[in-house]
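Please open the model in your viewer and keep the sequence panel beside it, so that each selection can be followed in both. The tour goes from one stop to the next, saying what to select and what is found there.

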Amino acid sequence: MNIKAILAVVLLIAAVAIGVTSFRKSVTPYISFTEARRASGLVQVNGVLADKNYVLKRDEQFLEFKLKDSKNEVLPVVYRGVIPGNFDQAVSIVAIGHYQQDHFEAEQLLVKCPSKYQALAEKEARSS
Amino acid sequence: MNLGVLFSWIAFLAGLTAAMAFLAAAGGRQSAERPGKIAYLVQWGGFLAATITLWHNLFARDFRYEYVASYTSRHQEAHYVFASFWGGQEGTFLLWALITCTLGLILMRIKHPLVSGAMFFLNLPLVMLGLVTVMRGPFLMLPPGRVPLDGSGLNPLLQDPWMTIHPPVLFTGFSSLAVPFAIAMIALVRRDYDGWVKLALPWVAFSTGILATGFIMGGVWAYKVLGWGGYWGWDPVENGSFIPWLSNVALLHGLMVQRATGSLRRSNFFLAVTSYVLVLYASFLTRSGVLADFSVHSFANLGLSGFLLSFLFVVMIVGYGLLLYRLRDIPAPSEPLGSFSRESLMWLGQLVFMLMAALITVGMSAPLITRLFGPPSNVQTSYYNLVNAPLAIAMCLLLGIAPLIRWRQQEHTLTGNRAWLALGAGVVVTAIVAMLGVHEILPLLVTLAVVFTYAAVALAMRGVAPALIVAVAAALVAIALGVRDPVPAALVMAAAFAFAANLTVTLRGFRSGWKHGIAYLAHTGASVMLIGIVASSGYGRAAQVQLPQGVERNALGYRLKFEGVRHDPGGKDHVMIAVNAPERQFEASPALYWSPFNQGYMKKPHIERFLTHDIYISPLEMVGENEGQEDLLWLSKGETKQVGQVKYTFEDFDREMGDVVRVAARLRVEIGGRTVPARPMLEVNMGTGIQNRIPDYLPGGGSVTIARVDPNTGRVALEVPGLGGRQQVGDILAVEISTKPFINLVWTGAILMLGSVFLVVLRRGIDLAGRARAAARQA
């Protein structure tokens, strides 16, 4: 066995190992609220705003609300960051983050608004 | 008569003829070559005429054509009309066909025994692209009653000067990979396993340069215009141009090895096929709509996925099939790949490139892969950084060592004692790093591998001292500037090592003529670029702030004051921010405006440039309690109102109750002298509360949507073309401010790399021409 072959095997194993662990670490599946409570690491949940009783402090960039999924389960979510302006009109909210003690700490909030939703439908309708 | 369709048919049929004639010529019937060339010229003429026709239709604003109606409008500026050629999928296929065909024209003029056969294989993709322009070309006519008065216009996201040049460059890159593929195919058929190298080299170098130009341009565009906060987002479209490039660079180096030592024959054929396969696979992923939810600029589904998939399969079956068929016949190299020679390191470098390509392909295919196990999901962009950083370090180390050692070196001087010593150094440094507080496995392993490599190189190789000193100095500077994580520190160090080693070799090469230094100069460019990438993407500071108008706020030590909105007559408003920075005071004016076309905010960042860094101010949105004005058309039953040239009459509601409540508005719309019915609908799912608004389309591409229904008065509010719709204007501006340290290294490195690569193309072209002349003299 010469150096070159050893190096190649080392590289290959390292790349596969890094690839597999990174893939599993950074893939964020859409999961149910129950699973989100148990999961460790970054996950993705989606749903709608459960009620209008949310706490919104724009200046402090703090948002606390309840997310409701299709099974009517409710998950409290906290998000710190720039709050999407049309947040309360969202027809669907995607939160990426992790569950902490009693709430879901969102690192990223994606808001699907009716208008954007419709732009997509419009695009699809036009091209088909 | 529809000229565009006619020209497409001419091109397609001529392409079929040319393919058959070239097949006959390659089979030994010399007389068929001339008709083949003529048919090929006709094919090119057909594509060119179809292209000119499309441009003519676009500039004439001939809205009878669906494509013209979809991507231009009357008031669009000329250069965007020009660019709307590639605003939609149908146009890009025509562009792809024309460029591939044009490159074939150049290949056809080269005097080389493999050319006529290569022309046959080049016509394989051409016939398939010709088929698409015939079946789904941009020349579809709208039925007479549906011809609009004005088109929808080009997507404002694409309305940028870069759009006029970026897509053609990228498609030239994609198309150019068909040429090495075709040359490799005929080489396999003819069992000429070495003769194709010289013919393919200039093309492969050209692909390397032009593809890199394409995605670097995309990066500049993303940075300066789109305001993603960076130049690279690991978006599927970016990855789609990056992975064929990686594979193509691997091929370029494989061909150099084969030319110098006669080894790597099989893997070169494999890479020539794979590069083109990756182009098609990436096109399939980004254009077929499988990633529609995951990419910023995937085209919406057009039903072309079936075609692209079969295109991909044909190329794979022909390419890999032929290679497998000949695999045993390809002779092994006369001498084995050296143990620690330049070619064996280049072979390792190829491996690194292909591993990068494979891991990126896995990442961009994540929605497909995860679909097999459950709901489709995407990987975070952090995945790409995680997997590529260690590989980039390995690549830089190889890039630094390889040029310093000789070809065909069989023995190595890394004897047992030296190896143990190097390993010892690695363990000691890793232990120190661990004691300093790094406890994750990956950074520690990287540290161990990197220190071992440097120690081994220092002990076993001569002439590396200057490069090692530069590397250590760079690492110390990086640590002094605040880099604490071993992985980026090692990357900067390895890139500096590669830079210094290649600079030495470049200067040495230049002494014996420009030809001998340029390839290494390209490496120095790549190394500089890598250092710039690590610094600017990993070590910028960023903060999001909300700026109430007139109030000064502090972020990252910069004082920002939002002064107001500068209204632009074209509707592209800019927000004015006074910035008080320690370096300089300036007025930032990023663009932020509502686009009715995209139903979203359009943004363009402000970039304040300094020698060592950029300050990047990217507007996020206007927020605030002020919900803003609405520009809607309110109608009572039986009422008629006019907006622009269009009259709307509201007849009545249609209601449908149930779990899902549907309310549709029956309208009569008088447009262009005709009256058409329209029936936009509002759908509310009572269970989930999800509302869905289903628009109806007007002749002309505009749409009517119900914004709101007032059940008490029986009125309906409509969003119609010509009104602003539901704008949200607040009075607090949210921006992200960030710094991009050493971003100029990225641009400097890119220019150095691209410039050198094109000089390499020139050099290999001259070589090929010289060979052809010599062959002609002998004959």
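Begin by selecting Ser275(B), which is found in helix α11 (residues 265-287) of chain B; helices here are DSSP runs of H or I with at least four residues, strands are runs of E with at least two, and both are numbered from the N terminus. This is a predicted model, in which local features need pLDDT of at least 70 and side-chain atom pairs count only at pLDDT 80 or more, while totals for chains, interfaces and linings use all residues. Residues are numbered from 1 along each chain as its sequence is written, chains are lettered from A and ligands numbered from 1 in the order in which they are written, and side-chain values use heavy atoms, with hydrogens and water left out.

Is Ser275(B) buried or exposed? Its relative accessible area is 2%, so Ser275(B) is buried, where buried means under 20% relative accessible area, exposed over 50%, and partly exposed in between, with a 1.4 Å probe and protein chains only. If you display its surroundings and set aside neighbours within four places in sequence, you will find Ser275(B) in contact with Leu177(B), Pro244(B), Ser247(B) and Asn248(B), contact meaning heavy atoms within 4.5 Å.

Stay in helix α11 of chain B and select Phe270(B), together with Tyr320(B) in helix α12 (residues 305-326) of chain B; these two form a pair that ties together parts 50 residues apart in sequence. The aromatic pair is tilted, with 5.8 Å centre to centre and 35° between the planes. Rings of Phe, Tyr and Trp (its six-membered ring) pair if their centres lie within 6.5 Å, and planes under 30 degrees apart count as stacked, over 60 as edge-to-face and the rest as tilted. Phe270(B) counts as partly exposed at 36% relative accessibility, and Tyr320(B) likewise counts as partly exposed, at 21%.

The structure holds 36 aromatic pairs over all chains. For another of these, select Phe215(B) and Trp245(B), whose rings are edge-to-face, at 5.4 Å centre to centre and with 85° between the planes. This pair links distant parts of the chain, since Phe215(B) is in helix α9 (residues 196-226) of chain B and Trp245(B) is in helix α10 (residues 236-261) of chain B, 30 residues apart. Both Phe215(B) and Trp245(B) are buried.

Next, move to the charged side chains. How many salt bridges are there over all chains? The count comes to 15, a salt bridge being a side-chain nitrogen of Lys or Arg within 4 Å of a carboxyl oxygen of Asp or Glu.

In chain A, select Glu105(A) and Arg80(A), whose side chains meet in a salt bridge of 2.9 Å, N to O. Glu105(A) is in strand β6 (residues 103-112) of chain A and Arg80(A) in strand β4 (residues 74-80) of chain A, 25 residues apart. With a relative accessible area of 12%, Glu105(A) is buried, whereas Arg80(A) is partly exposed, with 49%.

Back in chain B, select Arg764(B) and Asp767(B), which form a salt bridge with their closest N and O atoms 3.4 Å apart. Because they are three residues apart in helix α21 of chain B, about one helical turn separates Arg764(B) and Asp767(B). Arg764(B) is buried, with a relative accessible area of 5%.

For the last stop, select Gly91(B) in helix α5 (residues 89-109) of chain B. Gly91(B) is buried, with a relative accessible area of 0%, and, not counting residues up to four places away in sequence, Gly91(B) touches Leu54(B), Tyr67(B), Phe85(B) and Pro138(B). If you then draw a distance from Gly91(B) to Arg136(B), which is 45 residues apart from it along the chain, the C-alpha atoms are separated by 9.7 Å.
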